[in-house]
Amino acid sequence: MLLLASGSPRRRELLKFLGITFMVEPGSYKEEKPQHGDAAAFCLRQALGKTQSVAVKHPDMWVLGADTVVALDGDILGKPQDAAQAEAMLRRLSGRTHRVFTAIVLQRQEERLQKVVETQVRFRELSAAEIAAYAATGEPSDKAGAYGIQGKAAAFVAAIHGSYTNVVGLPLAEVYEALKAVRVIV
Ligand SMILES: Cc1cn([C@H]2C[C@H](O)[C@@H](COP(=O)(O)OP(=O)(O)OP(=O)(O)O)O2)c(=O)[nH]c1=O
């Protein structure tokens, strides 16, 4: 049996597309504050923490955990703390290409697969009014980089290079391959 170590409704919905049975238990890991540095290493550390916090309680299960961050100019952008911070993040992303990293970890006791997947996303130029209106929707609050590509921010995206589901929080091709490798999917 597979256990998704996540409180994210998006990750649950994406995993359902694989047509497999799974249970959900959010991790108890307290995430680090994102800052400057290696975004891939940072999100992998968070995904490992989330996955392990659930895996220790369920030694007989394969546990899947993930973490998503946005990277720009060496800075790591996590979830905004308030609307002002959301607007500041969106101002930085406007008219530029940023990188979205999602780390996935699949673990059962000492067995573990892990992978970090990168997608590049280019935003068109956003006006101050557009940014303020989007922040006011509340959509940015629980999302890395203060936007949801699957929501109203879809209209901000001029181009994407790489996995779309990776941006939403769970790279499905890589998750599928990992689940095949450990024979959760046959
Ligand atoms: C960039 C982007 C991020 N996101 C989301 C994916 C993640 O859920 C969230 C980043 O926060 P995470 O800490 O990766 O995940 P989470 O706290 O939502 O859930 P979990 O319990 O698994 O830790 O941002 C989108 O939904 N759309 C987007 O376009």
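Predicted model: local features only at pLDDT ≥ 70, side-chain atom pairs only at ≥ 80, totals over all residues.
User: Why is Val167 called buried?

Analyst: A residue is buried if 20 or more other C-beta atoms, placed from the backbone, lie within 10 Å of its own, exposed if 12 or fewer, and partly exposed in between. Val167 has 27 C-beta neighbours inside 10 Å, and therefore counts as buried.

User: Where does Val167 lie, and which residues does Val167 touch?

Analyst: Val167 belongs to helix α5, residues 164-168; helices are DSSP runs of H or I with at least four residues, strands are runs of E with at least two, and both are numbered from the N terminus. Setting aside residues up to four places away in sequence, Val167 touches Val100, Thr119, Val121 and Ile149, where contact requires C-beta atoms, placed from the backbone, within 7 Å.

User: Why is Gly37 called exposed?

Analyst: Gly37 has 12 C-beta neighbours inside 10 Å, and therefore counts as exposed. Gly37 is found in the loop between β2 (22-24) and α2 (39-55). In sequence, Gly37 and Gly74 are 37 residues apart, yet their C-alpha atoms are 5.6 Å apart in space.

User: How do you know that β6 and β7 pair?

Analyst: Two strands pair if DSSP finds at least two bridges between them. Strand β6 (residues 111-123) and β7 share four bridges, in the antiparallel sense. Gln120 stands opposite His161 in β7.

User: What makes strand β7 hardly covered?

Analyst: Strand β7 spans residues 157-161, and the count of buried residues among its five residues is zero.

User: Which element gives the most to the shell around the ligand?

Analyst: Strand β3 gives the most, with four residues. In total, 25 residues surround the ligand, and Ser6, Gly7, Ser8, Ile149 and Gly169 are the closest; a residue is near a molecule if its C-beta atom, placed from the backbone, lies within 6 Å of it.

User: What makes a set of residues a nonpolar core, and how many residues has the largest one here?

Analyst: A nonpolar core is a set of buried Ala, Val, Leu, Ile, Met, Phe, Trp, Tyr and Cys residues joined through C-beta atoms within 7 Å. The largest has 53 residues, and Ala103 is among those with the most contacts inside it.

How values were computed. Residues numbered from 1 in each chain as written. Contact = placed C-beta atoms within 7 Å.
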